[in-house]
Amino acid sequence: MAGDVKKIMFTVRKPPHGSIYVYEGLEVKLIMAAYDADISVVFLDDGVYAMKAGQDTSKLGIKGFEKTYGVLVDYEISKVFVDRQSMEERGLTEEDLLVIGEDEETEEPVRPKMIDSAEIAAMMAEQHNILCF
Amino acid sequence: MKLAVLIYEGPYNHEASDSAYNFIQAALAKGHEIRGIFFYHDGVYNVTKLMEPPQDDRHIANRWSELGAKGIDIVVCIAAAKRRGIVDDVLVPNVRISGLGQLTMMAIEAERLVSFGD
């Protein structure tokens, strides 16, 4: 029953590197996307850096996970947002955002959508669960 | 209310584990149901029997094991556990290792998922 599908939101507030939270949080998203749940992801605060294109983790000695974020749409995670204020505070624009897949119909690249705090708050109010990473 | 609890941090190093335990005890005392407890990130260290804290301190792993003995489903994430050397052999009784699918089911089935950690 469509009405029973639970809305689950992931918030990502931590920077992508320096701790494992964001990477392991990504693993949770990929698993939960396989279940019957309505998944959305919002990047806020330093979390917006996870959506920055062109991350080079080679000197950190870690594999990095930008490539995995690059195929979120393939995992049927297409409700992906970044907080406008967090982006602006960090001097980031929409042009800095990485591609998370391509549109099924138009084959155009899909990027996270920049939205305002009020829209995020409204979405949060509708969720059954919010998981923070 | 049916609650699920998600714990992100390791024992002793961080208060999250203690806060979660106290929350669960308070919830049970109020008659709420705990659908499950899920350990993720360094939280997987909470249930290793290898820990041996000073005798005048709380034994965090045994505390979780006692909750498990009451029939509460306590699950350690296998991916997070393998990365950190936590395997079945080192677990305290009444907890189990399983996948993130278990967290998904807890999240879906519980009325509230309460997370503890940074």
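Predicted model: local features only at pLDDT ≥ 70, side-chain atom pairs only at ≥ 80, totals over all residues.

Residues are numbered from 1 along each chain as its sequence is written, chains are lettered from A and ligands numbered from 1 in the order in which they are written, and side-chain values use heavy atoms, with hydrogens and water left out.

Chain A contains four helices and seven strands, where helices (H or I, at least four residues) and strands (E, at least two) are DSSP runs numbered from the N terminus. Read from the N terminus, the order of these elements is β-α-β-α-β-α-β-β-β-α-β. The radius of gyration of chain A is 14 Å, which agrees with the value near 14 Å for a compact globule of 133 residues; this radius is taken over C-alpha atoms, and the globule rule is 2.2 Å times the number of residues to the power 0.38. Along the principal axes, the C-alpha atoms of chain A fill a box of roughly 50 × 35 × 30 Å. Of its 133 residues, 43% count as buried, a class that means under 20% relative accessible area, with exposed meaning over 50% and partly exposed in between (1.4 Å probe, protein chains only). Among contacts (heavy atoms within 4.5 Å) in chain A between residues at least 6 apart in sequence, 76% join residues at least 24 apart.

The interface comes next. There, 19 residues of chain A are in contact with 20 residues of chain B. Together the two chains bury about 1,700 Å², of which 57% is on carbon and sulfur atoms; buried area is the accessible area (1.4 Å probe) that two parts lose on being put together, summed over both. On the side of chain A, Y21(A), E24(A) and Y35(A) lose the most area to chain B, together 30% of what that side buries.

Polar contacts are pairs of N or O atoms within 3.5 Å; within protein, one must be able to donate a hydrogen and the other to accept it, and residues adjacent in sequence count only if both atoms are side-chain atoms. Between chain A and chain B, 13 residue pairs are in polar contact, both residues being at pLDDT 80 or more. Strand 1 (6–12), helix 1 (21–32) and strand 7 (129–132) of chain A each give two or more residues to the side that touches chain B. Helix 1 of chain A supplies the largest share of that side, eight residues. By class, the side has eleven nonpolar, three polar and five charged residues. Here Ala, Val, Leu, Ile, Met, Phe, Trp, Tyr, Cys and Pro count as nonpolar, Asp, Glu, Lys and Arg as charged, and the others, Gly among them, as polar.

Side chains of opposite charge can pair when their charged atoms come close. A salt bridge is a side-chain nitrogen of Lys or Arg within 4 Å of a carboxyl oxygen of Asp or Glu. The structure holds 16 salt bridges over all chains, and three are counted between chain A and chain B. In one salt bridge, the closest N and O atoms of R83(B) and E27(A) are 3.1 Å apart. R83(B) lies in helix 3 (residues 78–83) of chain B and E27(A) in helix 1 of chain A, so the pair joins two chains. R83(B) is partly exposed at 38% relative accessible area, whereas E27(A) is buried at 18%.

Within chain B, D42(B) forms a salt bridge with R84(B), at 2.7 Å between the closest N and O atoms. D42(B) is in the loop between strand 2 and helix 2, and R84(B) in the loop between helix 3 and strand 4 (96–98), 42 residues apart. D42(B) is partly exposed at 34% relative accessibility, while R84(B) is buried at 13%. A network of salt bridges links E24(A), E27(A), D42(B), R83(B) and R84(B).

Two loop residues of chain B complete the picture. G10(B), in the loop between strand 1 (2–7) and helix 1 (16–29) of chain B, is buried at 9% relative accessibility. G10(B) touches S17(B), D42(B), G43(B) and N46(B), not counting residues up to four places away in sequence. N46(B) lies in the loop between strand 2 (33–39) and helix 2 (60–69) of chain B and is buried at 0% relative accessibility. The side chain of N46(B) makes a polar contact with that of S17(B) at 2.6 Å.
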